[in-house]
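Let's take a walk through this one together. Have the sequence and the model side by side as you read.

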Amino acid sequence: MAPSLSSKKHPLYRGIRSRGRKWVSEIREPRKASRIWLGTFPKPEMAAAAYDVAALALKGDGAVLNLPHSVSKYQIPATNSAADIRTAASAAAAMMKAEIEASHNIASQTETTHIDATTWRFENDFLDEEAIFGMPSLLVDMAGGMLLSPPRMSPPPSDNSPEKQAAETLWSYF
């Protein structure tokens with residue numbers, strides 16, 4: 001007997017499941033027992049996009065979608081034939097793959113600021129305020145200030161004291 005590959009449903013996306021390290025997508029045709037195989041994909045988002053295109057083609061605007069914000073990007077097939085749906089699903093998955101790769105490229109291009117003891121060099125408009133303002137030592141100094149007792153307050157002068165009588169008051173102008 002050949003070992004069976006265990007399938008596991010995705011916790012977030014409908015119509016996809018994992019097989020090993022890949023994600024497969026299929027959809028049941030309305031009012032039929034048969035399913036349309038949409039493909040095997042390396043990322044769950046790609047399989048989810050393939051399912052969404054097939055759901056829109058078969059169920060229309062009332063379809064429950066995985067990625068509803070991407071509906072405008074999908075090319076919906078003209079017919080409900082399995083071949084047309086598979087073609088549109090693979091195109092949606094390819095588009096999702098390009099989006100994933102673009103977001104990974106943007107994330108890898110961001111660099112941190114390198115601060116030297118004498119000069120500051122800024123890259124990608126990032127300013128390391130902690131290093132510039134000595135934030136770690138500032139926080140230590142502030143914590144040390146909390147340990148000091150507050151200054152003593154002298155009692156206010158009495159109404160009969162000479163200082164009080166010599167000083168001008170607001171009422172002396174009327």
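Start at Leu38: leaving aside residues up to four places away in sequence, Leu38 touches Ser25, Glu26, Ile27, Ala50, Tyr51, Ala54, Ile85, Arg86 and Ala89. Keep in mind that this is a predicted model.

Now zoom out to the nonpolar core. The largest one has 30 residues, and Leu38 is among those that touch the most other members, along with Ile27, Leu67, Tyr74 and Ile85. Two or more residues each come from strand 3, strand 4, helix 1 (44-59) and helix 2 (82-109). Helix 1 gives the largest share, with twelve residues.

Next, the strands. Strand 3 (residues 22-28) and strand 4 (residues 35-41) run antiparallel and pair over six bridges. Ile27 has Ile36 in strand 4 as its bridge partner. Six residues lie between the strands of this hairpin, where Arg31 takes a positive phi near 60°.

Then there are the charges: the whole structure holds four salt bridges. Glu26 meets Arg17 side chain to side chain at 2.8 Å, N to O, and Glu26 also forms a salt bridge with Arg35, the closest N and O atoms being 3.1 Å apart. That links Arg17, Glu26 and Arg35 in a network. Why does Glu26 count as buried? Because its relative accessible area is 16%, and the cut-off for buried is under 20%. Arg35, at 47%, is partly exposed.

Finally, look at Lys73 and Glu99, whose side chains meet in a salt bridge (3.1 Å, N to O). This pair links distant parts of the chain, 26 residues apart: Lys73 sits in the loop between helix 1 and helix 2, and Glu99 in helix 2. Lys73 is partly exposed at 41% relative accessible area, and Glu99 is partly exposed at 31%.

Technical notes:
Residues are numbered from 1 along each chain as its sequence is written. This is a predicted model: local features need pLDDT of at least 70, side-chain atom pairs count only at pLDDT 80 or more; totals for chains, interfaces and linings use all residues. Side-chain values use heavy atoms; hydrogens and water are left out. Two strands pair if DSSP finds at least two bridges between them. Helices (H or I, at least four residues) and strands (E, at least two) are DSSP runs, numbered from the N terminus. A nonpolar core is a set of buried Ala, Val, Leu, Ile, Met, Phe, Trp, Tyr and Cys residues joined through side-chain atoms within 4.5 Å. Buried means under 20% relative accessible area, exposed over 50%, partly exposed in between (1.4 Å probe, protein chains only). Contact means heavy atoms within 4.5 Å.
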